[in-house]
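Q: Please take a close look at one helix pair in this structure. Then set that pair beside the other contact surfaces.

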Protein chains: 2
Amino acid sequence: MPNTIYDIAKAAGVSIATVSRVFNEKGRVRESTRNKVLAVADKMGYHPQVFAQGLARKKKNSIMMFIPIISNHFFMEVLSAIQDKLTAKNFELNIVHITSDEDPFKQVEYQIKRQWADGYLFVSLHFEKNKWEVFKKFEVPISVIDDSNPFFDSVNVDNVEGSYLATDYFIKKGFKRIAYLSAAPDSVPVIERLTGYEKALSAAGIEIDDYLIQRGDDMARDGFTEKSGYQAMKKILSIDPLPEACVCASDIKAIGAMKAMEETGKHIPLIGYDNLTIAEYIGLSTVHQPIYKMGAEATESLIKRISKPKEEPTTLIYKPELVIRSSSEVLADSKKIA
Amino acid sequence: MPNTIYDIAKAAGVSIATVSRVFNEKGRVRESTRNKVLAVADKMGYHPQVFAQGLARKKKNSIMMFIPIISNHFFMEVLSAIQDKLTAKNFELNIVHITSDEDPFKQVEYQIKRQWADGYLFVSLHFEKNKWEVFKKFEVPISVIDDSNPFFDSVNVDNVEGSYLATDYFIKKGFKRIAYLSAAPDSVPVIERLTGYEKALSAAGIEIDDYLIQRGDDMARDGFTEKSGYQAMKKILSIDPLPEACVCASDIKAIGAMKAMEETGKHIPLIGYDNLTIAEYIGLSTVHQPIYKMGAEATESLIKRISKPKEEPTTLIYKPELVIRSSSEVLADSKKIA
DNA sequence: AGATATTATGTAAGCGCTTACATTAATAAT
DNA sequence: ATTATTAATGTAAGCGCTTACATAATATCT
């Protein structure tokens, strides 16, 4: 039995319109009556209901975020960026986990139809170009993180470049037999990263040996787990002769890979991908992506688009950076032994 | 210009009540008209608006989660549990980040007043008992994770026990000078864990040496960072004579601590806290908490409470478990050297 | 077939708010 | 003082839905 605007109006001896004006801080209200209303509202524990407001003004001050994978570093960092921006702009965040059991497209479509939010943030969701186009018909503000398409604002990072850099680093060291520790073969970032690896090899005139490309058996979280990294590395280390180095699809996988190296006693130079905070502490060389920045950028352009729906969509593609630490060095383990 | 129930009703040649019945799957509708309505709705891309539904039925099918710290493992795991449960029960999740800039109590109060949700999930939020009681006046379903209080359903884990177990493990090994690598001194779980450490020492008749209790300087995220673990361990390792072992307030801190040990070349047995997935891969002994289970349990009792607001609140306290790996063993580093 | 029970559909009154417009009070200008 | 301005407040019509209640259409039973 919460109070409504009528209760407050009656108790304060004013009309509901005045109460509404007080809470909306728009329209003129005499200072004295504003104070009276506020006092009454405070005593009675009143605050306008979001749902009634949303219906009346057709504006929710809420944005919805779609994300397929919750338990990973990328999500955490992107989320904190989004939260920061949204809080500053006084928007609510509604996180919707898109599961893989059902058609992701359908899930997203359903949510948009229900009109929960003023804008939608797509994170790490990959659709075909024509599917993306379908979303246009809803005429709602959409901003995309970690994927690109010509219809909406998007902020992406060059995955090809990332693995290219890592692979090229090893090539420059004179290695020819460089392994690639991959993940789920149907995951878009995985495909892109693998492409970077292959591109670097081709550019150096090194033939691609499919046997040097391994993934684990466990494909939970698109294969971005310690476990699958461990499994894949076991395979790589059993190759004879041993590859000279290994490029990984992620830091988490690299950690699993390191365990495999410990166990087998065979150590080869390794580069991860993501630059998790922990990477610095375990000396893992890796590829850094400006995740926070991407999240912030995308959120900002989404909020802008809410007020200016007609402008041309913008596409931002960040370049990743190679961060070299000890894991990629040949001396890494001999040092450890010493 | 999205369609409303009126548009669909008109297009399907029925009344809005019928359209509503079709979408609510309650009330009788002839099979043929249901199909007609559904067909029209599908063609016109219609679906009831959540906000209008929420207002009309005074039920939002949405629950709100309050959380002070987003970027940590606990959050990730608890979130995935909550999401799983909520999706199954067809509830939305609204995550609200409670910042430390403003009074957390005020922030939560504000959100509850606005009546966004049918129920509220408090995660890792610690209030005084009398503050908790204040929330009762809102008469909304509340469920608490990672804190206990007599007024609401709560699921907690025995933090004292966790550190007690870890400390006692070292005591049983015959160590007397056991260091404690702590975090933010005003954080409730930190205080509790420290208590467990002290209790174990006292129980063994070992005097507590404040100098053996260290925290880092960097108190971001309540001191639960690699960096502050690194800093604190540096201090511990500079103690002369060197402590015989170290109990940590978290795995993340333990990772920072390990780097400090690497750098200084001084290695002492170490136990973390959290059992991150990664702990297994780096051989970190640690304290395991059933986080997922806690999240699931709390969500379930919240949903139950929505329909049965009057029942007695339940309190669940899980026991943590000690997981021993290589980091806690004296031979750990000599093994590594070999 | 007519009366009765049952099922399907429609009507209209909210849900709690915002906001254009109308009205009244206060202030300024003559 | 009187009128013209401007500021403050009130009235009432939605926003898009749900749902009791009323009514119409069917099916069931003599």
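**A helix pair in chain A**

A: In this predicted model, helix α8 (residues 159-172) of chain A packs against helix α9 (residues 188-203) of chain A at an angle of about 35°, and their axes lie 7 Å apart. The crossing of α8(A) past α9(A) is right-handed. From α8(A), the contact draws on A:N159, A:V160, A:E161, A:G162, A:S163, A:Y164, A:T167, A:D168 and A:I171. On the α9(A) side, the contact residues are A:P189, A:E192, A:R193, A:L194, A:T195, A:G196, A:Y197, A:K199, A:A200 and A:L201. Sorted by class, this helix contact comprises eight nonpolar, six polar and five charged residues.

Next, the contact between the chains. Chain A and chain B each put 34 residues into it. On the side of chain B that touches chain A, two or more residues come from each of α4, α5 (73-88), β2 (92-97), α11 (251-264) and α12 (277-282) of chain B. Among these, α5(B) gives the most, with six residues. That side of chain B divides into 14 nonpolar, 13 polar and seven charged residues.

Last, the DNA. There are 27 residues around DNA strand D, and A:A17, A:R28, B:I5, B:S20 and B:A56 come nearest. The largest share, six residues, is from α2(B). By class, the surface near DNA strand D has 14 nonpolar, nine polar and four charged residues.

Note on methods. Residues are numbered from 1 along each chain as its sequence is written. Chains are lettered from A and ligands numbered from 1 in the order in which they are written. This is a predicted model: local features need pLDDT of at least 70, side-chain atom pairs count only at pLDDT 80 or more; totals for chains, interfaces and linings use all residues. A residue is near a molecule or strand if its C-beta atom, placed from the backbone, lies within 6 Å of it. Helices (H or I, at least four residues) and strands (E, at least two) are DSSP runs, numbered from the N terminus. Ala, Val, Leu, Ile, Met, Phe, Trp, Tyr, Cys and Pro count as nonpolar, Asp, Glu, Lys and Arg as charged, and the others, Gly among them, as polar. Two residues are in contact if their C-beta atoms, placed from the backbone, lie within 7 Å. Axes are lines fitted to C-alpha atoms, for helices over the stretch in contact, and angles run from 0 to 180 degrees between N-to-C directions. A crossing is left-handed if the near helix is turned anticlockwise from the far one by less than a right angle, and right-handed if clockwise.
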